[in-house]
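Biologist: I'm new to this one, so please pick a part, take a close look at it, and then show me what else is worth a visit.

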Amino acid sequence: MPTNFLSEEQRKRFGRFTEEPDEGQLAGSFLMDKTARRRAMAAKGARNRLGWALQLGTVRYLGTFLDNPEEVPAVVVDYVAEQLGLQVGDLAGYGAMEHRWDHQEQIRTAYGYTKFEFDQWFTLARWLYQRAWIGSERPTLLFDLATKRLVDKKVVLPGVTVLERLVSGTRERAEKRLWATLADAPTPEQAAQLQQLVVVPAGKRISELDRMRRSPRDISARGVGKALQRYESLNALGGSSWDLSSIPPGRLQALVRFAKAARAQAVADLGGDRRLATLVAFASVMPQVAADEAIEVFDLVMGDVIRSSAAKMTKKRLRTLKDLDAAAILLRTAWLTVSGVAADPDGDIRAALDAVDVAPFHAAAEVVKELAQEPDDGSEQMLAARYNTIARFLPGLLTTFAIEASAAETPAPDILSFEASAAGEPVLDALRFVKSLKGRRRPIQAWEVPAKVLNPAWRRLVFPPPPMPVGSVEKRAFIVASTEALRTALHRHEVYVPGLRKWGDPNARLLDDDAWEAARSRVCEELDLDEKPDKILKGWTDRLDKAHRDFADGLAANPAVRIEQQGGRDRIILTGLDRQDEPASLVELHKEVEKRMPAVDLPEMVLEVNSWTPFLTDFTHVSEASSRMDDLPLSVAAVLTAEATNVGVEPIVHDGVDALSRDRLFWVEQNYLRAQTLSLANARLVDHHMRLPLVQAWGGGELASADGLRFVTPIRTLNSGPNPKYFGTRRRGVTFYNFLSDQFSGLHGILIPGTQRDSFYILDGLLEQETPLRPVEITSDTHGSSEIVFGLFRLMGYQFSPRLADAGSAILYRTDPDADYGRLNDLTRDKINLKQITTYWDDMLRLAGSLHSGTIKASEALRVLAPGGKPTPTGKSVMELGRLDRSAYLSSYFTDELLRRRVNTQLNRQESRHQLARRIFHGQKGELRQAYREGQEDQLGALGLMLNIVILWNTVYLQQIIAEMRAEGIHVRDEDVARLSPLMFAHINFHGRYSFALPAEVHGGQLRATRKPADTSTPV
């Protein structure tokens, strides 16, 4: 790794004033107390006195002394001189005086500053080494952290080169240790096998590394087998036999990211132990990833089989409905005839039947037998007919993932296995029985079948009624039923595979006993919780009581709310919000802004915003090496534009510009665009945006919203799902669940296959986002407003404020059964079980600590709390807390029109942002055509970044236009400014420009040169 990782601009800024300190910074560093003034005034002459005081403030502010103490902003000199009763001009010439060195020594002695000598160097080097070993922080971040640590420890900063070399050298030592440790893990035979992964075998087009790291795309019965083979190939590399417990997980994941993203040749070109270490990391982590993906393919294929079976059953029912109706009418006629004869005391039923042709009635009964369904029948009959499809992949699945003959047996350590909770054990019993049927010829007896897994509809198919022999078993139906039960149990996490991320045991991700004991006090302090629930629970119940009383007291004067009797019970009726009128001044302001807003091309926006805040420098090479390429930011800007607009690289290529050549752009796309760099760049943009004065008129950053943007995926991909409402029939897609602050800046985005329950991911976004904004309130639409979600938000210190489409149907709870809420008494009959919360309080704290520390995601925690929709005791306690918080929010929501309008305004902003996103993402019909999850995340991450680029650019120019209008004497009301939006896009050209200039040779009457085959190939 190169020693010099700082740019020239960063070196110039180190230990220097780069901008004028604000009022708070002046008071924090340059305010002279009585002692400081006395020490400064002890110097001889006004020049030395002012210089002494300025040097004291400078070392407080910068952490170091200036070679020339006169190089301070004028505002600082003026601030200090006024405190000492001196003139600003008294400082002249101090920077050339020898006394300045003596003054530095006096300040160090008096205020406890130390020079950066060997002891300080060694202490900092050891601290840096620990950070470099544990994490994969960039060298620039380590440099900033080291600088802050020295300032906090009152160590005078050394020269920039000294600190830069220390960071670089320490990080290099940590990396060499990491590579050596990993390279020593495999046996010589395993190491040789790993080295061959980057070699393209004879007669093949790609290396084994390329093949193994590609996620499955074939969502079919054959695809399940291919996904299982991929896992077995990865597992055969021997990663499960290596003890890598001493390696920090973050460092291991960083190497795996590189191995997955870089070309195989780039991995092969790594020197020393680094190549083998990278392949060891890949081989140790990827088997679990491949196993997760193999089960994902199984899940998707079974889902398709179940859905298609249900559709076929529906079609069959519709197609045979006329026959069933005719048979039913005929049988009704027969019954009326028989019942009429039976009603006659002299009637002879047998004689009546003898006089009738009963053949049609027998035929009608057979039709009813064939076509009629039991009330609990679903599509099981049609699903059972899909046995041949399921038989193509089920044996391989049950062979790859062990299911031992008894639950007490333990599989080999290198074999993953299905395990189950008590609720899932019947499923494993059924699968063990299915495995035992292989090669069996003797008939299956009914008593042998583990039938607990069968619902009534499957029982009728597995144990067919007469005329089939008594005790007979339909083997194929049982196998299909067991396979469907396995899929259901995997979704409920009643059956899981230990060690996997998605399909593993989510309880294993909670802090264990020792870790929780060590973390409990810290978690409580950081989340503002108490180890005992009494005090904090009283605060929450008092809040609920006050909200109910405010609602009841203001009900008579609240025109938006009324209570009506429906179905024998009171129900709240909430009138929708009236549209907020736009005053004439706001209408005129909109028109004036639109006329003054400069026209701009999207690529120009990217480069101009980068000139304000260099976010393109946050895109570093995946191997973390510093690039020596010229005009790299231009290449990154071009790739970002290609990805965000969904047009691909080809329209961006400019053969006359090296930075825009095809090879350069493909190389940058592969090595620089990834989640980590996109997140860093986004954080920089949000930081710059939040500091603009205009932004404060829109919000303080405390409120955010979450909503999903849907994209059709017309190609085969593992990471998509069906939803006819959003994607149409027989089409699949993904959801980009994105988060927007009340300042219009995007905070984060999460990719969700299909349209899974969005509420599972709301808290994930808040906890994962890395921008400087820290919202404490989040709003979403109704679909995210479950009680468990409310409980988790309250536990983590957030206010959940969803927009409720049918708020009147919600249940209001109380904690005090004797409280009198007047007209609300009938609405608040249900009581919250506070004992449930206090009994499981420590378990709730452990859950909060696990979420806070990142060992488990909120979307995973919801599976822990309510597996299969059945809440655990801890889940019930979180639900009770959610009921408490939800009831308090509902009462406030009904009472406060400003709250309802604020929530509505924020969600409307999000919808406007989605409109802008659609305009940007215009290429290829707006469809997402990335085959793999990483590519989808990177492209939608680029879209999110581009949205923030547009918002920042618009905000800066809105601010400039308003300033110009006011300078021209035009009155611009602050109330109107607060209702402006930076989500406008009429002035932006998203589609590029057409060129009508002919090449010189064509203009001269010649033909263009044809391309050679090598030129037309697309780089891999």
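Modeller: Start with the second largest pocket, where helix H27 (584-596) and helix H39 (897-920) each supply at least two residues of the lining. Helices here are DSSP runs of H or I with at least four residues, strands are E runs of at least two, and both are numbered from the N terminus. Bear in mind that this is a predicted model: local features need pLDDT of at least 70, side-chain atom pairs count only at pLDDT 80 or more, and totals for chains, interfaces and linings use all residues. Residues are numbered from 1 along each chain as its sequence is written, and side-chain values use heavy atoms, with hydrogens and water left out.

Back to that pocket. H39 gives the largest share of its lining, ten residues. There are 33 lining residues, and Gln580, Thr905, Asn908, Arg909 and Arg979 lie nearest the centre. By type, the lining splits into 14 nonpolar, ten polar and nine charged residues. (Nonpolar is Ala, Val, Leu, Ile, Met, Phe, Trp, Tyr, Cys and Pro; charged is Asp, Glu, Lys and Arg; the others, Gly among them, are polar.) The space inside comes to about 1,200 Å³. A pocket is an open set of points on a 1 Å grid over the protein atoms alone, where a 1.4 Å probe fits, with protein on both sides within 12 Å along at least five of seven lines; lining residues have an atom within 4 Å of a point. Points are joined across faces, edges and corners, and the volume is the space filled by probe spheres set on them.

Now hop over to strand S8 (residues 732-741), where ten of ten residues are buried, meaning under 20% relative accessible area with a 1.4 Å probe and protein chains only (over 50% is exposed, and in between is partly exposed). In a regular strand, side chains alternate between the two faces of the sheet. In S8, Arg732, Val734, Phe736, Asn738 and Leu740 point one way, while Gly733, Thr735, Tyr737, Phe739 and Ser741 point the other.

S8 also has partners; strands pair if DSSP finds at least two bridges between them. Strand S6 (residues 703-712) runs antiparallel to S8 over nine bridges, with alanine 704 opposite serine 741. Strand S7 (residues 721-722) is antiparallel to S8 too, joined by two bridges, and glycine 721 has glycine 733 as its partner.

Threonine 815 sits in the loop between strand S12 (813-814) and strand S13 (830-831), and counts as buried because its relative accessibility is 15%. Leaving out residues up to four places away in sequence, threonine 815 touches Thr541, Leu544, Lys831, Ile832, Leu834 and Leu884, where contact means heavy atoms within 4.5 Å.

Tryptophan 612 belongs to helix H28 (residues 602-612) and, with a relative accessible area of 27%, is partly exposed. With residues up to four places away again left out, tryptophan 612 touches His688, Leu952, Trp953, Val956 and Tyr957.
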